[in-house]
Amino acid sequence: MKIADAKVIVCSPGRNFVTLKLTTDSGITGIGDATLNGRELAVAAYLSEHVLPLLDGRDADAINDTWQYLYHGAYWRRGPVTMSAISAVDMALWDIKAKSLGVPAFQLIGGRAREAVLVYGHASGADIEQTTEAVSRYVSMGYRAVRAQTGIPGLAAVYGVGRGDLFYEPAAKGWPTEERWSTEKYLSVVPALFDTLRETFGFDLHLLHDGHHRMSPTQAAWLGRRLEDARLFWLEDPTPAEHQDSFRHLRRHTTTPIAVGEIFNSVHDCTTLITEQLIDFIRTTVVHAGGITHLRKIAALAEIYQVRTGCHGATDLSPVCMGAALHFDIAVPNFGVQEHMPHTAETDAVFPHAYSYSDGFMLPGDVPGHGVEIDEKLAAKYPYEPAYLPVARLEDGTLTNW
């Protein structure tokens, strides 16, 4: 079974997505997500100009060989653009192989390790009261785990606080907007938020929080210690992970579980964090960390050190990525939780899928492949529109995240 055709599809049904579609000489198709928020066209060009010509005539069954060929063969390795492109090819090939065998993709990863995939939703509000109300809405929808973010007095905008219910999209059309940030003001509010949430909902509900890399190691350690009594499921991205020694400082000062890794591209980005047990959850994604093939290696390393998975799943990852992630989640032994931000109706129409949500859990579905397709005619009605995440400056104008 050879790869006979390959195409890159860029569309924007509510937000931008990059999709790779491969077709074999036997007529089987597979698709992969290649979306990189704010840098979509870079990946699209990388695929079109540098990867697709190499795929013509390759054995579609040789997934490992193709992965190694694209990773090692280019010499210039890793990085978000390269790894997003490799991920798309990998996802599409897993889709094709599972379809050729007539089985859902998770059967090729070893079969089910659980009955369903625990997911968490995103609740936020302009203040603690509104965030509490938002958490309550998620509880009413059956969610057993909820990420809670709140607006901060004195700050006009706070990254991670949505502009609406469910369909929160942090990227804005046009050039990047700039927001003012104060970690000191943030730290004065967050502990009160989780005191209120525990008083309101008790301890049966899993609560999560995202620091978005905006604290220094000392600030993050203080917050982690202050939130210990709230018993968070995790504190995500408390401090930038480029300097991994920072997480040793966190471990020495707090027992709050730590999650990190949504911007990581390979196992090499998280080896120290995992092998020294400096984190509790690894957040790498199917689309940015080399597809199912490489994500399995990260999870296997993490399992040895009692680190669980918690794959990123925001709306800047297409339903194709969510479908592939759910097949990975249902099969991986050390799964922890899956982020779940529902896509808009327009996005779901472009990407019909077999996965479903019910009572706090998701199921990947049992159709052959990863269960997600693309309606190319409908996709063509949504052309690409430039959109970027906001840029944070401190109140004195310094351009930094902490």
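**Close-ups of cavities, pockets and a helix pair**

About 40 Å³ of space lies in the second largest cavity of this predicted model. Local features here need pLDDT of at least 70 and side-chain atom pairs count only at pLDDT 80 or more, while totals for chains, interfaces and linings use all residues. Residues are numbered from 1 along each chain as its sequence is written, and side-chain values use heavy atoms, with hydrogens and water left out.

**View 1. The second largest cavity and its lining.** Lining this one are H312, G313, A314, L317, S318, C321, M322, A325, Q338 and H343. A cavity is a set of points, on a 1 Å grid over the protein atoms alone, where a 1.4 Å probe fits but cannot get out, and lining residues have an atom within 4 Å of a point. Volumes are the space filled by probe spheres set on the points, with grid points joined across faces, edges and corners. Helix α10 (residues 319–331) gives the largest share of the lining, 3 residues. By class, the lining has 5 nonpolar, 5 polar and no charged residues (Ala, Val, Leu, Ile, Met, Phe, Trp, Tyr, Cys and Pro count as nonpolar, Asp, Glu, Lys and Arg as charged, and the others, Gly among them, as polar).

**View 2. The largest cavity, with about 60 Å³ of space.** The structure holds 2 cavities of 30 Å³ or more. Around the largest cavity sit Q149, V158, Y159, W181, Y186, D210, G211, H212 and R214. That lining splits into 4 nonpolar, 3 polar and 2 charged residues.

**View 3. The largest pocket, at about 1,100 Å³.** A pocket is an open set of points with protein on both sides within 12 Å along at least five of seven lines. Here 38 residues do the lining, and Y159, H213, E262, I263 and L389 lie nearest the centre. The class tally is 17 nonpolar, 11 polar and 10 charged.

**View 4. The second largest pocket, at about 280 Å³.** Of its 20 lining residues, A156, A157, V158, V161 and G162 are the closest to the centre. The lining comes out as 12 nonpolar, 6 polar and 2 charged.

**View 5. Helices α6 and α7 crossing at roughly 30°.** Helices are DSSP runs (H or I, at least four residues), numbered from the N terminus. The axes of α6 (residues 217–226) and α7 (residues 246–253) come within 9 Å; axes are lines fitted to C-alpha atoms over the stretch in contact, and angles run from 0 to 180 degrees between N-to-C directions. That crossing angle makes α6 roughly parallel to α7 (angles under 35 degrees). The contact (heavy atoms within 4.5 Å) involves P217, T218, A220, A221 and R225 of α6 and S246, H249, L250 and H253 of α7.

Note on methods. Helix = DSSP H or I, 4+ residues; strand = E, 2+ residues; numbered from the N terminus. Parallel < 35°, antiparallel > 145°, perpendicular 65-115°, else oblique.
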